[in-house]
Each structure stands twice: as structure tokens, then as C-alpha cells.
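Q: I am new to this structure and would like to learn how to read it. Could you walk me through a few features, one at a time?

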Amino acid sequence: MIKVLHISNSYMRSKVHHELCKHIDRLDCEQIIYVPESECFDPQTNRIDSDKVKVVYSKVIKKYHHYLYPLKIRAIAKDVEKKVDLEKINVMHASTFFSDGAVALRLKKKYGIPFCVAVRGTDVNSFLKYRIFDSYYRKLVQEAEKIFFITPTIKERFVSSSAAKGLENVINQKSIIMPNGIDDFWIEHKNLKRKDGGHDVLYVGRFMHNKNIEVLVSVVDDLKANIPDIKLNMIGGGGELNDQIIELCNNRKDIINFHGRLSDKEKMMEIMRGCNVFAMVSFLETFGLVYVEAMSQGLPILFTKGQGVDGVFTDDVGEKVNPYKREEIKEALKNLLLQPNNYRTLTDEELARFDWNAIASKYYGLYSDCVNKKR
């Protein structure tokens, strides 16, 4: 039985790695999930009820670690050594390249345990801006057995970094595109037929500056002159703009249907199937599972160039735009609403790529490759 150590600093704040570990648990695999954090979380958060899964939660990160990266990595690695029996671990999976990968690298040097590492939006949007991380970049690329990329676009940006010079072939040999999966509910209730009639736009997410919501609302308002029945359906809440956006929703009921936060997937599915387009033009987006959830219900999408799902599908599933260009967003949304036949829905095969069961099986196979290579 393979024994995997997951190093995941975001485990308590994200469902993605939790879903992966939950589905891997159905296979012949034991997992320890080590979670270094700077704040307190409920230990029951993202719990997996299984004898084969153990979550080791540690409040090891201090405020000063934000400015002292090498010291942070050293502290986390030492904490792992104290709390995990590393002699029993066959392979490590670092869920982010710089924050988790550097810990795995340090442990590999001491214990010889192979590791694979994922590259996410934060790695390319933040860490790669600073040359001080170049040496870590090169060491991680050289020592990792596998490098996982959530989207082809993130891989392109990763390889185009100045730190990658001379390592392009190594990166390509180790690279694997591994998308995040969507909840089993959306796979089981897929509806890949486009809705006929209407001009309803859907937004699902938090109310934050990064999500560019105010521009989306203003664009819908402008389009009302040419599309009288246009409506923006908003599901979500929270974030620094929460009060402002809720007030806007209450004042603009002529163009906005505000549904609030929804945990009921059946209700969300009903609203999705009543809409014609999903629109979210964030400035930065690691992946955005909600795009795929919307596409699983037959909606074309309005998304951001160079972010999120850009590069995952052919462009005819929707329109991609520069989030800073308001007129470009307006024209793209207009095209999506008035020329629906120019866009296609997903195929069954494309949607199956986001089934966590299939994704978990692929990860398990890659873990096995790493272990067998060591032997």
C-alpha cells in the first residue's frame, strides 16, 4: 500500500485538496495530510472519516515568516519531522510549488523521499515576480519527480519565467496537466444542452474587488438599452465589497436578481439552467471550478484572458476578455447573449476530465510511478 504525505498549507481554506484526498481514499493508499498554518481553524474542517487518512494540523507559521521565507521553510520541515514518521512515507505531494514544494525538497534531501509538486495561480502571480525565488525554482524543478499544472496557461507562464532558462526540456518532461475536479453532484446531474430563449447572465462567487463585479453590473446596465429583458443573477456574498454589492442589488432590481449565498446544489442547479451565460471576469483566477460547474449545465462562459480556465478548452465555449477593458467585456457579453449559436456546449468526454474519481486514479498512478522509480 502506498503511503503519501500531502504538504498542503491551504487545506483548511480550500475544498480542492480535500476533495482529492477524499477520492484517493477509495484507492489502495494511506494518506497523511500535513497542514502548516498561521491561524487557528476548527480541527473538524475538511475532515475525512477514514482509518487510512490522518490530518496533522500545526499552527507553526509565525507573522515574521511572511518576510523570512527560508526560515519559514526550515521551521515547517522541522515540525513535519517531529509530527510525522517519515520512515514510513513512500512519496510526498506538495500542493503548491513554493510554499509547500520547498518543504518537500528539504525533506527529500534528508530522507530520500521522492516528491511531486503542483504549480498554482499564486505561484505564478506572486512568487515568480521576485528574482529571490529563482534558486528555489531551479532546485524544485530539478528534484521533483512530477510537476502538476492546473491549466496549460499556468504552465506557459511558469516556463516563460526567467528562472526557467535552460530547464525548459526538464520541465516539459516532468509536466502533467491535472485540472481540479468538480463536485460529483455536477457530474451526476449534467445537462449539456443550451437553454433556448432569454438573456439571463449568471455570476457565482464572493463579492471582492478581484472579481471585477462592479464592471460586470455596469456592463449589464448598458446592455439593457439593446437587450430589454437582460438580467444579472447573482449568487454569493462575503468579501470586502459584500455590503456595497448587496446594497447595489437592492437598488437595481430592474437588472439584478440577487439569490444570496446558496449551499443547496439543487437550487443552484435550477438557477443555472434558467440562465443563458455564466460571466466572471476576475483580474486573477487560479482555476475557477464554478466555470466548469456552469458549463456542466449547458452555459457558455465569459472569462479572463490568461487566467483561470483560459487554455483548458477551445475558445468556442465562450468569450475571453481583458478584465481591464470595459468595452471589450461589454461587446463579448453582447455576443454571447445575441449570437448563442456561435458557441458550443461541452462534450461528455470533456466534462469527464473533471470527475474527481478519474483525477484521483490518475494521481494514484503517478504516485506509484514515483515509488517504483525509487525502487
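**Reading burial, contacts and helix packing**

A: Gladly! This is a predicted model.

Q: Where does Gly311 lie?

A: Gly311 is part of the loop that runs between β12 (301-304) and β13 (318-321).

Q: Which residues does Gly311 touch, not counting those up to four places away in sequence?

A: With those set aside, Gly311 touches Pro152 and Thr153. Pro152 is 159 residues from Gly311 along the chain, yet their C-alpha atoms are separated by 5.7 Å.

Q: What does the side chain of Thr151 reach?

A: It reaches the backbone nitrogen of Ile154, at 3.1 Å. Leaving aside neighbours within four places in sequence, Thr151 is also in contact with Ile177, Thr286, Phe287, Gly308 and Val312.

Q: Which residues of α6 are buried?

A: In α6, the buried residues are Thr153, Ile154, Phe158 and Val159. Among the elements that cover them are β5 (115-119), α4 (121-125), α5 (134-143), β6 and α7 (168-174).

Q: Now to a strand. Is Gln31 buried or exposed?

A: Gln31 counts as buried, because its relative accessibility is 2%. Gln31 sits in strand β2 (residues 29-36).

Q: Which side chain joins that of Gln31 in a polar contact?

A: The partner is His6, and the polar contact between the two side chains is 2.8 Å. If we do not count residues up to four places away in sequence, Gln31 touches Val4, His6, Cys21, Ile24, Asp25, Lys52, Val53 and Lys54.

Q: What describes two packed helices?

A: Two packed helices are described by the angle between their axes and by the distance between those axes. Here, take helix α2 (residues 69-83) and helix α3 (residues 101-111): their axes come within 9 Å and cross at roughly 55°. The two helices are therefore oblique to each other, and their crossing is right-handed.

Q: Which residues make the contact between α2 and α3?

A: From α2 come Tyr69, Ile73, Arg74, Ile76, Ala77, Val80 and Glu81, while α3 supplies Ala102, Val103, Arg106, Leu107, Lys110 and Tyr111. Sorted by class, this contact of α2 with α3 has nine nonpolar, no polar and four charged residues.

Q: How would I read α3 and α5 in the same way?

A: Start again from the axes: those of α3 and α5 come within 10 Å and cross at roughly 60°. That makes α3 oblique to α5. The crossing of α3 and α5 is left-handed.

Q: Which residues make the contact of α3 with α5?

A: On α3 they are Gly101, Ala102, Leu105, Lys108 and Lys109, and on α5 they are Tyr136, Lys139, Leu140 and Glu143. The residues of this contact divide into four nonpolar, one polar and four charged.

Q: What is phi of Asn212, and where is Asn212 found?

A: Phi of Asn212 is near 60°, which is also a positive value in a residue other than glycine. Asn212 is found in the loop between β8 (200-205) and α9 (213-223). At 5% relative accessibility, Asn212 counts as buried.

Notes. Residues are numbered from 1 along each chain as its sequence is written. This is a predicted model: local features need pLDDT of at least 70, side-chain atom pairs count only at pLDDT 80 or more; totals for chains, interfaces and linings use all residues. Side-chain values use heavy atoms; hydrogens and water are left out. Axes are lines fitted to C-alpha atoms, for helices over the stretch in contact, and angles run from 0 to 180 degrees between N-to-C directions. Helices (H or I, at least four residues) and strands (E, at least two) are DSSP runs, numbered from the N terminus. Angles under 35 degrees count as roughly parallel, over 145 as roughly antiparallel, 65 to 115 as roughly perpendicular and the rest as oblique. A crossing is left-handed if the near helix is turned anticlockwise from the far one by less than a right angle, and right-handed if clockwise. Contact means heavy atoms within 4.5 Å. Ala, Val, Leu, Ile, Met, Phe, Trp, Tyr, Cys and Pro count as nonpolar, Asp, Glu, Lys and Arg as charged, and the others, Gly among them, as polar. A polar contact is a pair of N or O atoms within 3.5 Å; within protein, one must be able to donate a hydrogen and the other to accept it, and residues adjacent in sequence count only if both atoms are side-chain atoms. Buried means under 20% relative accessible area, exposed over 50%, partly exposed in between (1.4 Å probe, protein chains only).
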